[in-house]
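Trainee: Could we go through this structure together? I would like to learn how to read its side-chain contacts.

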Amino acid sequence: MNRTSLRRIGESPSLLTFFALLLGFLIGAVVIIATTAPVLNAWRQLFSSPTAVLHALNVTFDNVGAAYRALFVGSIGNPSSFAHSLATGQSWTATLTPLSETLTYATPLVIASMGVALAFQTGIFNIGANGQAILGGIGGAWIGSMMHAPMIIHLPLTLLAGVAGGVLGGLIPGILKSFAGAHEVIVTLMLNYVIAFFLVYVVQSTPLQQPGQANDISRTLDHSALLLPLFGAGSGLRVSYGVFVAAGVVAFGWWFLNRSTLGFAFRVTGANPNAARAAGFNPKRIIILVFMISGGLAGLAGVVQLASTNYFIDGGFLIGSAGIGFTAITVSLLGRNKPAGIVWGSLLFAALGVGGRTMQARTGIPLDLALIIQSIVVLFVASPVLVKEIFRLRAKAQTVQLATKGWSQ
Amino acid sequence: MTTTPVNGRGRVIAVLMMALGLLVAMAFGFGSAGNAHSVFTFAPVNISGDRPWHLGDLTVLTRWWNVVLGLLIIALGVETWVRRPKAALARFGGAAIFFLVALLFWASRSPGPSQVPFVNVTSVLTGSSAIAMVLIFGSLSGVLCERAGVVNIAIEGQFIGGAFFGSVIASTTNNFILAALGGAVFGALLGWLLAFLAIRYLADQVIIGVVLVTTMSSLTSYLNLQVLTPYPNLNIGNTVATLPIPLLDKIPLIGPVLFNETGFFYLAILLVAVVSFALFRTRWGLRVRAVGEHPKAAESVGINVARTRYRNVIMGGAVAGVGGVAFMATQGQFQPDYTSGLGYVALAALIFGRWTPSGAVVASVLFGLSAYLANGLQSYSVPISSEFIGMFPYLVTIAVVAGLIGRVRPPAADGIPYQRS
């Protein structure tokens with residue numbers, strides 16, 4: 001069976017990604033046009049006067065432009081306020097808040113995506129980043145709120161507890177796949193739900209539930225277990241020391257894939273398992289190891305999210321880390337499972353998510369548009385041959401490049 | 001999937017069942033006071049009017065009945081251990097049902113902690129049959145797609161899309177037949193998209209499926225805010241009326257559960273029969289299964305693999321779309337994240353049911369019951385968390401694909417794009 005990973009799609013991957021993004025934003029524009037009342041009304045009066053076409057086009061560009069401008073301003077910043085801050089040296093907080101928010105959202109996303117990408121490179125589809133991140137959060141909340149120690153001990157232990165939670169979550173599908181032949185997609189998909197139920201149970205029960213609370217809410221992390229804001233709590237910017245953790249993970253991922261023996265074994269297994277077996281790599285061991293690393297990174301993403309943004313687990317954390325888990329899959333597809341691609345992909349999707357809030361506040365167009373654009377971009381990234389046909393790119397002979405195997409493999 | 005030696009892992013299930021039986025006997029049996037009673041009532045809450053027969057309440061001594069149920073489960077486990085039957089999966093299903101009954105006895109015992117000192121069996125069954133019906137639509141969709149060799153992980157997306165458009169159509173026309181047709185068309189469209197990308201462009205079916213789900217859930221959530229909120233008369237949340245079958249609906253217990261249902265319920269049953277017959281008794285079904293097992297061989301005898309797959313995935317999408325409408329027609333108003341992962345439970349039911357229509361029904365009933373109880377148990381203030389009941393379908397599915405409980409074998413070419421060589 002052809003088990004080639006998704007690494008080598010098309011001749012010019014970045015061009016294909018660019019076209020996929022273009023298509024995503026175009027379809028997003030179509031969705032806006034089709035659902036926004038003023039735009040539709042303008043087109044309805046198309047034949048009322050000779051200039052109606054121009055008017056309709058004008059309204060369309062105004063609405064779509066306003067939405068996409070809000071996306072940009074909300075996630076990167078307003079050029080004019082940059083100029084203002086540079087000139088006067090004032091109101092830097094307001095100017096930099098969008099960038100800070102984008103970095104805050106991108107931080108756990110980079111970490112989780114690196115984990116998913118490592119699995120993809122080995123020919124394994126880890127849909128369970130979601131659940132593994134939740135387990136990481138539970139582990140981190142446990143050590144971060146129940147233990148008390150100075151930060152130099154407490155913070156590393158909290159992060160390690162998160163990694164341990166994720167490793168545990170990865171071990172289950174890893175062991176079941178290598179010793180029982182259970183398909184990892186089914187197992188991780190189902191485990192996500194099991195773990196989500198477990199999370200609800202944990203935050204309703206002693207000892208992790210916030211004492212004196214009847215709601216689904218956990219204890220709050222000690223101050224010594226937090227990834228504090230990078231520019232101090234008074235700066236008003238949420239971006240935290242977690243960015244260094246994310247940078248470390250990216251560096252680790254690059255080194256691991258390109259320079260380490262184990263990483264080489266992973267990539268060989270992903271490219272051709274028979275060759276890997278012939279070269280003396282033990283596939284069972286590799287499957288378990290890749291799940292431990294992939295799950296550990298997802299767990300780290302969960303605990304970073306907890307220690308830098310949420311500080312305690314509640315319904316919002318469940319939704320937030322569910323977002324991380326599934327978005328991480330799309331990010332690593334977008335970034336073609338390469339460290340640099342993942343950094344860009346995470347920044348882009350974080351920017352879409354953050355900018356979406358500003359768009360919703362300013363233009364009334366729901367935040368979900370950003371998610372629609374994300375999904376459509378990935379749909380195109382996953383079907384490179386289609387993009388080539390749309391843009392009349394020179395298509396090579398069609399080759400199957402799959403990330404997953406059929407159920408019976 | 002590796003072949004599982006029956007002696008090895010087959011016995012895991014036997015041990016599991018014996019442990020479960022022991023738990024029932026000790027915790028639910030001897031764990032309840034000697035004088036505690038459990039009351040099961042059967043009077044339907046949704047039918048007014050006269051019934052020729054009336055079932056009285058069933059009052060039992062909680063302790064001894066649960067001990068008996070526990071012993072029954074242990075006996076099933078012992079029998080599985082000794083005889084190693086092929087149908088170990090079915091025995092596990094039986095044990096699970098005994099377990100749930102024992103749990104209900106125990107949860108509703110009085111004197112006990114429960115605020116509601118009885119269990120209305122009829123409403124438990126009607127409540128869980130509403131969920132089971134949706135699961136049947138979803139897992140039948142999976143059967144149609146995966147038997148032809150295309151993994152349909154997008155059932156959840158077809159559910160939520162069908163539910164959305166079903167709600168809009170039902171609200172504007174108040175006609176649930178039109179709503180079902182609309183849902184079918186929309187689901188078929190999504191099925192076509194999946195097939196188009198998977199067959200023509202050889203895209204990864206699992207990835208496409210996952211992304212289709214996120215596309216649909218974000219699109220419907222977007223449309224809900226952007227269109228349904230300003231125009232609430234597009235989403236009034238009317239539910240479909242039941243169509244009682246004369247005479248049969250008067251049968252106690254069975255009548256209200258099976259013969260006083262919505263048209264969607266009867267349609268689901270009909271579809272199970274039709275798909276089951278077509279898949280295993282007709283030439284069409286033989287061809288579909290050939291395409292799903294060995295497309296190269298099928299092609300060599302003149303079967304058009306791509307066309308067969310397109311047709312099946314589109315049909316599967318339509319069935320799942322109707323399932324979404326059925327969910328909406330029994331639950332009411334559309335909301336974001338409406339089907340809340342039910343499509344993945346349907347996928348689990350498909351796997352637990354070994355990719356057969358009849359197996360999917362059994363799995364759907366079992367999972368529907370556990371999904372209903374996970375919600376319903378909260379009113380009994382049970383000391384065990386309803387979350388653990390909620391986990392049940394997913395845990396069972398993991399155990400099944402790992403070969404811990406019986407064996408399942410998916411179609412051999414399931415999920416693999418076919419290229420002519």
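Mentor: Let us begin with a definition: two rings of Phe, Tyr or Trp form an aromatic pair if their centres lie within 6.5 Å. Please keep in mind that this is a predicted model.

Trainee: How many aromatic pairs does a search of the whole structure find?

Mentor: The search finds 28 aromatic pairs over all chains. One of them joins B:Phe265 and B:Tyr266, whose ring centres are 6.2 Å apart.

Trainee: Is the pair of B:Phe265 and B:Tyr266 stacked or edge-to-face?

Mentor: The planes of the two rings stand at 85°, so the pair is edge-to-face. The cut-off used here is that planes over 60 degrees apart count as edge-to-face.

Trainee: And is B:Phe265 buried or exposed?

Mentor: B:Phe265 has a relative accessibility of 8% and therefore counts as buried. B:Tyr266 is partly exposed, at 21%.

Trainee: What about B:Phe334 and B:Tyr338? How are their rings arranged?

Mentor: They form a tilted aromatic pair, with 5.1 Å from centre to centre and 50° between the planes. Both B:Phe334 and B:Tyr338 are buried.

Trainee: Which residues form one aromatic cluster with them?

Mentor: The cluster consists of B:Phe164, B:Phe165, B:Phe186, B:Phe327, B:Phe334 and B:Tyr338.

Trainee: Changing topic, at what angle do the axes of helices α9 and α10 of chain B cross?

Mentor: The axes of α9 (residues 263-281) and α10 (residues 283-293) of chain B cross at roughly 75° and come within 5 Å. The two helices are therefore roughly perpendicular to each other.

Trainee: Which residues make the contact?

Mentor: From α9(B), the contact uses B:Ala278, B:Leu279 and B:Phe280. From α10(B), it uses B:Trp284, B:Gly285, B:Leu286, B:Val288 and B:Arg289. By class, the contact has six nonpolar residues, one polar and one charged.

Trainee: Now salt bridges, please. How many does a search of the whole structure find?

Mentor: There are six salt bridges over all chains. One of them is formed by A:Glu101 and A:Arg238, with the closest N and O atoms 2.9 Å apart.

Trainee: Where do A:Glu101 and A:Arg238 lie in the chain?

Mentor: A:Glu101 is in helix α5 (residues 92-121) of chain A, while A:Arg238 is in the loop between α8 (184-202) and α9 (242-259) of chain A. The pair is 137 residues apart, and it links distant parts of the chain. A:Glu101 is buried, with a relative accessible area of 17%, whereas A:Arg238 is partly exposed at 33%.

Trainee: One more: how many residues apart are B:Glu79 and B:Arg83 in helix α2 of chain B?

Mentor: They are four residues apart in that helix (residues 62-83), which means that about one helical turn separates them. B:Glu79 is partly exposed at 22%, and B:Arg83 is exposed at 56%. Salt bridges with shared partners join B:Glu79, B:Arg83 and B:Arg91 into one network.

Technical notes:
Residues numbered from 1 in each chain as written. Chains lettered and ligands numbered in written order. Predicted model: local features only at pLDDT ≥ 70, side-chain atom pairs only at ≥ 80, totals over all residues. Heavy atoms only, no water. Axes fitted to C-alpha atoms, helices over the stretch in contact; angles between N-to-C directions. Parallel < 35°, antiparallel > 145°, perpendicular 65-115°, else oblique. Contact = heavy atoms within 4.5 Å. Nonpolar A, V, L, I, M, F, W, Y, C, P; charged D, E, K, R; others polar. Phe/Tyr/Trp six-rings, centres within 6.5 Å; stacked < 30°, edge-to-face > 60°. Buried < 20%, exposed > 50% of the residue type's maximum accessible area, 1.4 Å probe, protein only. Salt bridge = Lys/Arg side-chain N within 4 Å of Asp/Glu carboxyl O.
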